[in-house]
Amino acid sequence: MKLKKQVTVCGAAIFCVAVFSLYLMLDRVQHDPARHQNGGNFPRSQISVLQNRIEQLEQLLEENHQIISHIKDSVLELTANTEGQPLALPYHMPNGSWVLPPESRPSFFSVSPQDCQFALGGKGQKPDLQMLALFSLLPFDNQDGGVWKQGFDITYEPHEWDTEPLQVFVVPHSHNDPGWIKTFEKYYLDQTQHILNSMLLKLQEDPRRRFIWSEISFFAKWWDNISIQKRAVVRRLVGNGQLEMVTGGWVMPDEANSHYFAMLDQLIEGHQWLEKNIGVTPRSGWAVDPFGHSSTMPYLLRRANLTSMLIQRVHYAIKKHFAATRNLEFMWRQTWDPDSSTDIFCHMMPFYSYDVPHTCGPDPKICCQFDFKRLPGGRINCPWKVPPRAITEANVAERAQLLLDQYRKKSSLFRSKVLLVPLGDDFRYDKPQEWDAQFLNYQRLFDFLNTHPSLHVQAQFGTLSDYFDALSKRTGTVPGMKPPGFPVLSGDFFSYADREDHYWTGYYTSRPFYKSMDRVLEAHLRGAEILYSLALSHARHAGMDSKYPLSDYALLTDARRALGLFQHHDAITGTAKEAVVVDYGVRLLHALANLKRVISNAAHYLVLADKEAYRYDPAGPFLRADDTRLNQDSLPEKTVIKLDTSPRFVVVFNPLEQERLTVVSLLVSSPHVRVLSEEGQPLAIQLSAHWSSATDMVPNIYQVSILARLPALGLSVLQLYRSFDSHTTLTSSVRLLLHGRDLPVHQREPFPVRLVPTAAEDFCVQNPHMQACFSGLTGLLQSIRRAGEEHMLSSEFLVYGTRSSKDKSGAYLFLPDGEARPYAPREPPVVRVTEGPFFSEVASYFRHVQLVVRLYNVPGVEGLSLDVSCLVDIRDHVNKEMALRLSTSIESGDAFFTDLNGFQIQPRRYLKKLPLQANFYPMPAMAYIQDKQSRLTLHTAQALGVSSLSSGQLEVILDRRLMQDDNRGLGQGLKDNKRTCNRFRLLLERRTTANKVQDSRPISFPSLLSHMTSMHLNAEVLAMPVVQEKPAPPALRSFRPFSATVPCDFHILNLRTLQAEDDSLPSAEMALILHRKGFDCGMEAKHLGFNCTTSQGMFSVGSLFHGLELGSLQPTSLTLMYPLGTTSPNNTVIHMEPMEIATFRLHFG
């Protein structure tokens, strides 16, 4: 009854508004000032104006009449039907578009003007070295430098060291890849365990020996297999400085394709392990093998309280330039940093590689003679044909002089008289004989050098931090502070070339299937961490924790480690052997399945109205997963909900910290379906066919789409049941453009399909904010119309070949045979156009790629961008790479922008002087181009390679199939391609405040809408059906974790439960990790539908969590190793600067 009243009042109100607006229009016509001036004598021109006005009014009246009659019908229908049908249904306009009933609740959104200042920048000094500017200046001429082929001839004065002797630290290391040619397990069994076992023995033989280790994934596995006595020895060796843990991450991560969530997560996993087991906190970063370096890494290391770092794989032309200007050591600063709070001291290795021939000095032929693993009779030798000689009394003077000459030459490239000389290579020191060969021979050399004062040298074994500490001491600074005269640098080190035009830009796309799976796992891990932490806290609060499956914590740990392992620089990069890729895939799949279990267990507890009724049954889960994957290399298949006359319940999880108005799509077993909200309100649904191919509908499976408003980080409940009342069902219309192809079309009830057998006209789909137009021939996008302005935005597929010369593209390298050629399949595609109230989509089926462009008819974020997915299958290609190019009328010139690790934006320049492949960059999350009027952003759900090869274009490589190795040690091509789904969002924004000075700065930020669009794409809604059908499950209630709104620019990166003493169990503490995003206010912000504000970086955590009491909140370093400031239960308001990530130890009372 109450509902009938509401509906009648609503209808009457809208009727009144419509009538009143017409009255006002008439009123304006009647009070025409011209009429009064002319004393009632109408000139002809005014009569025609009046006629026009009347015609317009008639048109408006007609449209209003339609709207009002529709409302009247709805009201009549509703009052006739007492079951409580939905208030108003979407309806069709004469122009074919669908109109949704007006939103019942207004959205509010405000940005404080101070929060817009950050992106305008201008504060702080300019760095001495800006990588973007440097790239434009360098000639990249690759001249022959003599023995140091990519450098120059180094000379020095013999008396340079007379006043200040040279101090040399030789740092023994072994680079252990957690998977590359062999799997992680096989490497551990064959090599790593022997390296660590030998280390334990050999370091104890002489207290002057040193060793560094970085990969905690291997170290933790070894630790689990050694005795308590051996563990004590490890702690002693670390304590006395003989063994140093460098970086301390789970792996040495790739820096191009990895997302900042996963980069930080693997760092926390390693640091937490080290703190718990050895009680040590890493001080220095060591990254000798990632293929190019991102400026996100120095930020994370600095905020984790490391003071120094080392990098190696940087373009040879940059190394040469930095060596010539003695800038190989610098303070690395973030581009947005107005002071120096993000500075970290960085050492760049000057030569070609981190192996012994390229680390003692500029001449590899000489340095190789001091790699004593290569002594004659061993398995490896020196390619320069001069073998090492064991050091004896007879030859030590001559040998030491030869080595010292190299040390001095290398030292003259740096600003201090302290020298770092790494001594190691991949999987070195795996046999006691090698330890003896290296350590005994070097000790003889050191003893000679150190006992001859006339040589002015002090040489010894050292750890990485021994070197950085000695450097600080020499320059009179504290570790981590800027030594006088050393430069400040900002920017990044992509893209990398190690020789000639061999750019390592292929691995930005290699094996995209797993790059995509990585991000799916990451989104699930974040969702599982947060829901687990909330469920456990609520269970503890209610005294129910004894019933909660604490064992899920071990599944979380496993998943953290699986995701961490995959960040390794031969895993997510797609540069491992095929069998190793399968091993990674199985680990990812296993972790994904476990996380779905953790999520469903947490959701089960949180949605129960009566928590006492909670029973955990490991054999029979309460919720089914939203989708399943048969194998590690298969695409996910959505769960089909079997409908009956009794209701089926579905729990929907929104992993975003903002409320979300979104289309939720489910697969069901019958077209006769009703969907009710939690309160029992019927909801309008869009019913669509489920297609198995361009022209085949799957029998007995239907897609139901509803519009749902989901609470922030919350759980909603829907109920579905079979019903022949089709009042709320709106069926999608479908037309198939066959282009003269004689294809059988399998139609099924209740979907009428209109066949267009021959050539079709171009066509458009639209929502209230945007119209997207497509080619009738190809179904590919051609233009977008927004706010009355038409923008050319065409898409096309391209194919790159590889060279015919000796060097060809492979897993690492992109070596194309010239510009891309258009993808030209033998026959035109079948195009399927689906239109409905909540979304319309255009699907083009080509032979090797299916492109689906979807436009949501939803107010807010979802409806402001185009959803694009590409299903690519190039398994019959030979040495080809498939690309998607977007061409626009945006006058972007040679500038484009790509993100680094989803964390920050790095401006790029297309440089004509460089080969085509050098202009590609990693795109983990987004890339954009812009001019004074517009910005077009391509958002991505998986890391891929991107470029802008001419003004107004963006081009992304979708997949690569290459038949040969590219001579970087892998020994295989890329032939294990999968059917891969790449997902994107295309966002076109109007710029309101653009100026040349602003746009030429080496820094840029997305808008808030762009950030939000990226989050929607990367944190998909999970819809989990309740397994139990009969008897009906216990009462379910939606879960809203927050009692306040999170500010628009804050992202809850994680809420991670920390481990207890027993590492398979949770402690009562959590790590709350927050990121305040930097954003650009210079875009038009209309119809955003946000329900949040910005708050100048203030965020009150005290009252944030509904139903939980905050016990304590302790700011800590990023990986929780160091407390920052004091814990105070009263002060729970956090303040953060833009771009900062901060970690807090949190304890609920």
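Tutor: A disulfide here is a pair of cysteine sulfur atoms within 2.5 Å. The model is predicted, with local features needing pLDDT of at least 70 and side-chain atom pairs counting only at pLDDT 80 or more, while totals for chains, interfaces and linings use all residues. Residues are numbered from 1 along each chain as its sequence is written, and side-chain values use heavy atoms, leaving out hydrogens and water.

Student: Thanks! How many disulfides does that rule give?

Tutor: Let's take an example to begin with: the sulfur atoms of Cys116 and Cys1081 lie 2.0 Å apart and form a disulfide. In sequence order, the bonded cysteines pair as 1-9, 2-3, 4-5, 6-7, 8-10. By the rule, the count comes to five.

Student: How many residues apart are Cys116 and Cys1081?

Tutor: Helices (H or I, at least four residues) and strands (E, at least two) are DSSP runs, numbered from the N terminus. Cys116 sits in helix α4 (residues 114-120), and Cys1081 in the loop between β48 (1066-1076) and β49 (1092-1093). The pair links distant parts of the chain, with a separation of 965 residues.

Student: Is the disulfide of Cys116 and Cys1081 left-handed or right-handed?

Tutor: Look at the torsion about the S-S bond, which is about -85°. With that torsion, the disulfide of Cys116 and Cys1081 is left-handed.

Student: Is Cys764 buried or partly exposed?

Tutor: Buried means under 20% relative accessible area, exposed over 50%, and partly exposed in between (1.4 Å probe, protein chains only). The disulfide partner of Cys764 is Cys773, and Cys773 is buried at 13%. Cys764 has a relative accessible area of 33%, so Cys764 is partly exposed.

Student: Which residue in β24 is the bridge partner of Val650?

Tutor: Strand β18 covers residues 648-653 and strand β24 covers residues 715-722. The two pair in the antiparallel sense over six bridges. Within β24, the partner of Val650 is Leu718.

Terms used
Pairing = 2+ DSSP bridges.
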